[in-house]
Number of protein chains: 2
Amino acid sequence: MQAMLVDDVSHYEEGQHIFREGDPFDAIAAVRAGTVKTYILDREGREQVLGFFLPGEVVGLNAIHPQIYPCNAVALDTVVLCRFSFQRMSSLASTMPGLQSRLFRLLSEDIGKAALLSGDFSADERMAAFIVSLSRRYARRGFSGTRFHLPMARTDIANYLRLAPETVSRVLRRLRTDGVLDIDRRELRILDLPRLEQMAEAILRDHAH
Amino acid sequence: MQAMLVDDVSHYEEGQHIFREGDPFDAIAAVRAGTVKTYILDREGREQVLGFFLPGEVVGLNAIHPQIYPCNAVALDTVVLCRFSFQRMSSLASTMPGLQSRLFRLLSEDIGKAALLSGDFSADERMAAFIVSLSRRYARRGFSGTRFHLPMARTDIANYLRLAPETVSRVLRRLRTDGVLDIDRRELRILDLPRLEQMAEAILRDHAH
DNA sequence: GATGGGCGTTGACCTTGATCAACGCCCGAT
DNA sequence: ATCGGGCGTTGATCAAGGTCAACGCCCATC
């Protein structure tokens with residue numbers, strides 16, 4: 001069924017844009033490999049990171065209405081994307097309840113995801129939630145959930161979590177000192193996942209499966 | 001069409017619960033009159049406000065998946081609700097593209113709404129955005145956009161905006177001192193809407209009509 | 001009328017994370 | 001090999017808003 005709907009498989013080099021704010025929305029994009037970052041630029045041209053998308057995840061769902069991408073998406077490393085025509089997809093959804101229900105589900109999950117940062121959480125909690133979320137998403141796709149490479153810069157993590165980069169460094173150092181994780185630049189190893197999950201639970205309570 | 005789908009019109013007194021966390025999801029609830037607050041309770045039983053729903057707005061969309069309400073909804077004053085069976089609605093959506101498209105739109109708008117608080121915004125910006133958002137939503141339904149009664153307590157506003165109640169009082173006092181608005185307990189009058197909108201624009205950029 | 005509870009406001013003090021100002025490391029270009 | 005730029009880390013200081021501790025107002029109940 002999925003092969004039936006794939007319009008396009010495309011490759012992007014690190015730093016290439018997949019879509020830009022204002023582009024017309026016509027397809028749902030699923031990441032097959034690599035990592036995608038979405039961001040907006042504010043009035044002064046400063047970047048605000050909205051999210052990171054790992055293999056198996058769908059980018060740009062919030063463009064369904066009003067059919068225009070409200071943000072930019074850029075490849076953080078080499079990315080492979082599968083595109084599904086939304087027009088064709090929603091027509092088929094009319095006759096295939098399973099597909100319609102799948103779309104409702106994806107959209108409903110995105111509501112949950114957007115709430116990740118809307119709480120009043122400490123820097124520790126945010127950082128823990130970010131790491132646990134990555135861990136779970138990598139594990140869900142068959143990758144290691146305790147040892148992974150961070151494809152995004154500290155400044156991007158900080159921006160996404162609405163923290164200063166200095167604070168990200170400090171929290172990571174504290175977590176390393178406490179024996180919760182080990183980190184060397186972008187190589188991360190989780191040493192005490194239950195501890196991290198405990199720190200993250202207030203944030204991730206809606207996403208425990 | 002809408003009359004065709006209405007299962008139920010019900011009334012709630014102030015303080016009555018409309019649904020509770022864990023209740024099975026079976027219908028979409030549209031507010032016809034009054035105001036609804038949604039909240040969750042954390043592990044220690046503390047309340048976290050998730051949103052306020054005005055007349056014409058739909059409560060509980062994020063329950064579509066996984067068919068269980070993830071939060072509580074309570075009437076802040078006398079509330080009239082219309083319920084639409086989601087089962088029937090989604091079957092009909094399969095054959096009526098207009099309805100399906102309307103559902104996608106409602107869900108997509110909810111993603112946008114959840115992002116309201118996910119940024120790194122000052123107390124002033126949050127308060128301004130809250131007031132402008134209320135103003136626009138009241139105006140959209142034909143009520144006055146510059147003079148309205150706040151149906152929720154300061155503690156609820158503070159909780160929703162992730163601020164302390166003292167801070168809400170202080171910001172409102174500052175805005176009154178600056179001549180931006182006048183407020184006496186729950187009666188609010190906006191005196192300088194452009195100024196408020198300017199303060200709110202970083203937050204509301206995604207929600208401009 | 002008196003009392004109690006809920007709500008909102010106010011001032012003083014405290015805490016968390018941001019800002020500012022460096023420094024070190026790594027990698028690519030020359 | 002050297003240099004420059006980007007990235008990450010570290011320490012000192014500052015600021016926004018939270019916490020704590022009141023007080024005043026309003027309304028319902030007795």
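The following legends describe close-up views of a predicted model. Local features require pLDDT of at least 70 and side-chain atom pairs pLDDT 80 or more, whereas totals for chains, interfaces and linings use all residues. Residues are numbered from 1 along each chain as its sequence is written, chains are lettered from A in the order in which they are written, and side-chain values use heavy atoms, without hydrogens and water.

**View 1. Surroundings of DNA strand C.** DNA strand C is surrounded by 17 residues (a heavy atom within 4 Å); the closest are A123(A), T167(A), R154(B), S169(B) and R170(B). Sugar or phosphate accounts for 62% of the atoms of DNA strand C within 4 Å of the protein, and bases for the rest.

**View 2. Helices near DNA strand C.** At least two residues each come from α6 (165–177) of chain A and from α5 (154–161) and α6 (165–177) of chain B; helices are DSSP runs of H or I with at least four residues, strands runs of E with at least two, numbered from the N terminus. The largest share, 4 residues, belongs to α6(B).

View 3. A backbone N or O atom of R154(B) lies 2.7 Å from a phosphate oxygen, and one of A164(A) lies 3.0 Å from a phosphate oxygen. A polar side-chain atom of E166(A) is 3.0 Å from a base nitrogen.

**View 4. Open sheet of chain B.** Three antiparallel strands follow the order β9-β11-β10, pairing requiring at least two DSSP bridges. The edge strands are β9 (147–149) and β10 (181–184). Between β10(B) and β11 (187–190) there are 4 bridges, and I183(B) has L188(B) as its bridge partner.

Methods. A polar contact is a pair of N or O atoms within 3.5 Å; within protein, one must be able to donate a hydrogen and the other to accept it, and residues adjacent in sequence count only if both atoms are side-chain atoms.
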